[in-house]
Structure formats: structure tokens, C-alpha cells
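Please keep the sequence and the structure open beside them.

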Amino acid sequence: MAQRVKNIAKHIVGADKDPDVAVVSTADYLKEHRFNPVHAAVDYLKSLFPIIGWIGKYNFGWLSGDLIAGITVGVILIPQSMSYAKLATLPPEYGLYSSFVGVFIYCFFATSKDVSIGPVAVMSLEVARLIARVNKSHPNEFSAPVIATAVSFICGITVLGIGLLRLGWLVEFISAPAVAGFMTGSAITIAASQVPGLLGIAGRLNTRDPAYRVIINTLKNLPHATRDAAFGMFGLFTLYLIVIVTKVLSKRYPNRARTFFFIGTARNAFVIIILTLGAYLYCHPRKDAKGNYPIAILKTVPRGFQHVGRPKINSNILAALAPELPVATIIMLLEHIAIAKSFGRLNGYKINPNQELIAIGVTNLIGTLFNAYPATGSFSRTAVKAKSGVRTPIAGIFTGAMVVLALYALTDAFFWIPTAGLSAIIIAAVGDLIASPRVVYNFWKVNPLECLIWWAAVLVTVFSSIENGIYTSICASAALLIIRIARPHGHFLGRVTIHQGDTNTSREVFVPFCQNTTASGNTINPHIKIEAPAPGVIIYRPEESVLYPNSSLLTGGLVDYVKTHTRRGKDMSGTSLANRAWNDPLPRSGKYILTEEERAKPILKSIVLDFTAVSNIDTTAVQALIDTRGEIERWADREVTFHFCHILSPWIRRGLVAGGFGVVADERARARIPLEIAPIAGPLTHPEDYRGFIFKDLRGQNQNDVEHGRDTIQPVASAASSYSDFEGSLVNTLTPYFHFDISSAVRAAEKDAAAGADSPLHRTTSTSKSAAYEKDDEDRF
């Protein structure tokens, strides 16, 4: 009864008409990917804490490297964090809170030893934008720190969810030039917004305007520069002077390069100390009656952690921030992953993007308990940390200790830090984010279109806004990817016989007919002699996987080539206009006479499809191939055999077999296809399990021959037979039109063409999928 129901079901869906060919099944897929859920859950939980894998090996050698790197980064982080807090329109202590939580928590979840988490310029500017937007739509309802903490909470939980669900691969859809363009545009925007503060004219213009407008308004207000400019310009000049001098001295005295490196990394602290001392000496005796000073200084910075506790987050602030958060989340994860992957490649280790997202998600969630604002990976501090000889993520604990020390011991000194000096530190820091001309030129050399994406991201960010810049980067990357998939090229190939040097050994290769004879950078010599395959044979190689966006383009190009380079199989000279198709290109009236050029064209007999570049094929593509075969056979008025080569995926083979390709019902045609033999490692216990493959024991006894219609292996000996007592067919004999390489496919196609020169071979209904689908449109793919 069960078998009868099964047979009825097969008849309903048409499975009873499928060729008797073994193909990969969903059961095979599930068997290949099966796993123990308990072990998988344990491994997943262990992967959340990478520190477990290496903390047991920690030693004093690692400790010394981490201590030096941690202190070095701490010296940079303390002034930078206060500068970035001012950029985010927050009190400076919030930058220190974010710094402590970032470097301290990250080390427990990190897969990168180099990345330094904390406040960064681009994220700080985005936080400032969000604070301004919320205050504009909800005036006097939320304070700036509350808004910033809410941003950290929502972005953190979003990124954490992406990491836990292992969706970090989504970041890969944004190309490196797009990221570089966005970062360059953001750096220019940040630098432009800090120049007014550097000159003491920030109150005269809106620094939240697009960068180009800020630059114009800054130039207009240059005559109004205040005494702050003296401190700001001196700080900026000194920062760059130290960088230049230490680089020159490092090249001149390479033995002391490490010493000069640490001097260069301490430049922020050195400049802040000098400017703070100068501001104290200048401002202390010049306090007016209202308590104001002649230049802008930080003034009071609260000592210690003043805002520890549950964050003030409610539904109202979440609703106010919701429309603005996608950009902030993208910035957080994009900048961090890009930095982590870059330094992982430079230092010879591989990061786990999903775990990195978990790390920054947890960092920002815990940061909300300290009222910290969003933190992510910093390029400048990560570079310093890597060059300082960091050994493990534990270095972050020492950096965190430096921040705590500053919070409890140095806040009185922070009172006198000039804000123009903090602007100088920001301008100097974001300079590292600007892509150098050499990098942009490399983008152009590799791919001009990606260079245009870089320019688009930069220009939109500078002339519009950071959020529009990042959307431009994402959309441009996605558009280019879609275009590459949807509009690939295909090549029609010819034969070239080559030999190596002075030897007489030659071999055949197949190269595209179309070669650019004017270009100087061709891979193949454009003047080589390319021979066409045998008359009636066409070789076609698509450059991309054949999928629904591109299947019509690829198959349409094949049909057009066939109609251009082969002649009709049916003589149309005596066919009246009434019996022609409405779209027939023949003349409307008069007797049609074949020209000499048309007579010289062959009738198509075989097509070879080289699937070297095809890694996937879908239902739409298989249907397009079926329709293409039908159209080509109507043009040729005969059966056209389709030979495939380099089908390495069993799922591509399954799809093609489902479309009626690869199999053959005519035993005469089957016998023309040479059987390719290869040595087998040894005798098989159950060779009958491998349907469609032939095995032979060269010691005189056949192991198995499961191919219908063949009792023994054809006398085509393997060149490596002497190395094994056992041989077998290289490819499955049940699908003889699927060949391993292009040479064997072309040989088989040319044999088919030669055998079919005298009389056409019409496809039988039993083997024609296209005929079956033409009978009932509902049965189409």
C-alpha cells in the first residue's frame, strides 16, 4: 500500500519520468552537515569566551609586552577620550568612562590582540548628530549624556544580536574602497568641524553643517580668530613636528627606532601637558569677576565614576532614536571589523568577525551601567598598540588601569586643559583615517569602478552628511556586486596548440576568440592563431554562476551567436510568408536565396558548455537552458547535443540532470563517447553502491560494472595504470555528456558532429525535458 501511494505521488509530480541516474540528495546534504547538538552547544558557549583558550598559557614574557603596550595606549587614550567627548558634545568625563569600559571588558571576549576599544572620532561625531536631532525633535526632554547612553545601549544590543546569530558575514557586502571612502570623507568632515574650535571661532558658525559649508564659513570668520588660536595652532604644529622628527630620526638611527617610536606615541600627552601648563600660567591671574577666563578651558572634571548605575532609558527616548540608529550601528560594527581584520592580516592571525561583534556589543551594553557613550575600535590606538609589542588582549586591563588612575588622581589638572588643544589632538588623530594618494591610485589600478565608489563616498560625505555617505558606500557596493552577477560576460572559445620551449611535446588549450588587439595588458597574446573547433561545434564559457539575474543574458548571447555563425537546418527558400513566424528575419516578399556567405556556415550539431567559473545554478537558469536548447534545435532543425565540462558541484549536476541534460537514450550516441579511465586506490568492498561508475581489477577479475550496456571497460588504458592494480571510470557513465575537462568534452562533441553529418538525429520524447514542459506550462520549473 505504501509503495502504491509512493508511486502515485511520483506520477503526480512527474518523478516517474525522471532518468534513472543517481544524483545527490537532501539526505546526502543532511548527512554531510550533521552534528551533535550537545557538542555544538558546548563549543558555541566556549567560543563566546576566547580568553579560555589562551589564558592558561600566559607567562611573564607576554606580561612585559602587554604592560608596555597597555601603558603606551593609555597615555594616548586619556587625552583623546576627553577630546572625542567634546566632539560628541558631552562633558569630558564621559570619554574617560567609555575608555575604561571599552579596554577593560573587550579583552575577555576579543579574538584580536591588537584592537583598542574606546571613543573614536567618527562615532563621536555621529553621537553629536544624534543628540542634536533628538534635542530638536524633543527639546529639553533628554540630556545629552542620557541620549548618548541610550545610543550605546541600542547599538550594543543590536550588534550583540548580530554576533550571537552569527550574521557577521553581512559586513562583507561592503567593499574595502567603500569603507575607505566613507572613512576619508568622515575624517575630512571631523577635521573641518574642529578647525573653528582650534581658532576660537566655534561660536560664530554651525559646525554641524556639511563639511564644505563649515570650511567656507571658517574662512569667512578667520579675521575673528581669538587667543585660543595661539594654543590650538601651537599644539597642532607640535604634534606634527614630533611625528616628522621621530620618523626622520628613526630612519637615520635605526638602532634607536623603538625609542623614537615611543617618543612619537607620547606626543599627545606631551602636548597636553605643555598646553595645560601654559593655560594655567596665562589664565590663572586673568580670571574676571564672572569667573571667566581669556581662553576656553575644560574647567571642572568630576573625580572618579560619578554616574554609575542603571541607565535612564525609556520608551520615549527609544522612539526618538529609532529612525537614526541604523547609521550608528553600521559605523560601530563596520569600523571595528575593518580594523580587526586589517591588523589580523598584518600580524599573522585570523579574527572571528562574529565574536568581535559580540565583544563590542557586550562592551557597549556594560558601558551603559557607567553612563558611557558608544565605543568601537580605534585605528590610531590599535596601530600604536600593535607597534608597541602587545602579546595578548590583556594589555587592555593595563590601559584601563591608566584611565582609572587619571579619573581619580589627575582631574584637578584637567581643569586647565585648553579646548583648542583638544581640537588639535582630534585633527591630528583623524589624519590617519584619510586614504593616501597611493592607496587611491591602487584602487584605480585594481578596479576603476571601485575607485569611483571611493570618490562617491568621499564627496557625498563632505557635501552632504556622514549618514548619506555611509548609505552611498553600502548602496554603491551592493549595486556593483549586483551588476557583476547580473551582467557577466561569456566567451566563445577556440583551440590553440602550444608546446613548451624546444620540446616536441604539445597540448591543446582553449582560449576566447575575442582578443583586444590594441590593449597592451592582455593575458594572452592577441595575435596568436586560434582555430575554430570542428564545423558544427561551438564552445561557450560563462564567466559567472548561472543564476536567475543573468541566465537570460548568458543564454541569449549563446542563441545570438548560434544564429550569427551557423545556418538554418531547414531550407526556407520555398516557404511562403504566411507560413513563417512573425519575427522571422527573412525578407517579407520574394524568393529567399542563400548567399555564398550563408552557405559557407555550418549547421550546428554540438555545443560544449565550460562550467569552470560556474559554482551555482538555480531553477530559473536550468529552465533558461531548456528553452535555449529548444530554440537552438528549432533553428538547426535537428537534435543538438549539449556537452558540459568542469561540473565539480554535485548540486549543479543534479540540476542539469533534472533539466534533461547529461543523459542519452541512444546507445549509438552513447558508444561514441570515449570512456576515461583512472587508477583506483584499491579494491572496493561494495562497488555496487557507486551507481554509474565502472571498476576493474587489472589482475584479471572485474569488480563491478554497473553501467547498462557495457560489460567491460573500453581499451583506453590509464597512463598511471602501472601504479595501481585497479582502475575505474573517472566520471559517472550514466551521464556521458558530463565531462571532467574541456578537452574530453570537445573531442566527444566533435565525434557527435562527425557522426551526425549525414542525417539529423531527432530527440525522443522520453529524453526531452523541454518537450515535456512544452506540453504543460504548469510543469515548468
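**Notes on the predicted model**

1. Leu219 is exposed, since its relative accessible area of 55% lies over the 50% that marks an exposed residue. The model is a predicted one, and it places Leu219 in helix H10, which covers residues 211–220. Computed from C-alpha to C-alpha, Leu219 lies 9.4 Å from Pro196, a residue 23 positions away in sequence.

2. Helix H11 (residues 228–252) and helix H12 (residues 257–265) have axes that come within 9 Å and cross at roughly 175°. H11 is therefore roughly antiparallel to H12, because angles over 145 degrees are counted in that class. On the H11 side the residues in contact are Ile242, Thr246, Leu249 and Ser250, and they meet Ala257, Phe260, Ile263 and Gly264 of H12.

3. The largest nonpolar core holds 110 residues, and within it Leu321 and Tyr373 have the most contacts. Helix H15, running over residues 325–346, gives the most to this core, with 12 residues. Another core lies apart from it and has 35 residues, including Val546, Leu609, Ile617 and Leu734.

4. An open sheet is built from six strands in the order E4-E3-E5-E6-E7-E12, and the pairing within it is mixed. Its edges are strand E4 (506–512) and strand E12 (738–739), each of which pairs on one side only.

5. Which residue of E4 is the bridge partner of His499? That partner is Ser506, and the pairing of E4 with strand E3 (residues 490–499) is antiparallel, extending over seven bridges. Helix H24 (residues 551–565) packs on the sheet, where it touches E3, strand E5 (537–542) and strand E6 (606–610), and the direction of H24 makes about 155° with that of E5.

6. On the cysteines, the count of disulfides comes to zero, where a disulfide would need a pair of cysteine sulfur atoms within 2.5 Å.

Definitions and conventions. Residues are numbered from 1 along each chain as its sequence is written. This is a predicted model: local features need pLDDT of at least 70, side-chain atom pairs count only at pLDDT 80 or more; totals for chains, interfaces and linings use all residues. Side-chain values use heavy atoms; hydrogens and water are left out. Two strands pair if DSSP finds at least two bridges between them. Helices (H or I, at least four residues) and strands (E, at least two) are DSSP runs, numbered from the N terminus. Contact means heavy atoms within 4.5 Å. Axes are lines fitted to C-alpha atoms, for helices over the stretch in contact, and angles run from 0 to 180 degrees between N-to-C directions. A nonpolar core is a set of buried Ala, Val, Leu, Ile, Met, Phe, Trp, Tyr and Cys residues joined through side-chain atoms within 4.5 Å. Buried means under 20% relative accessible area, exposed over 50%, partly exposed in between (1.4 Å probe, protein chains only). Angles under 35 degrees count as roughly parallel, over 145 as roughly antiparallel, 65 to 115 as roughly perpendicular and the rest as oblique.
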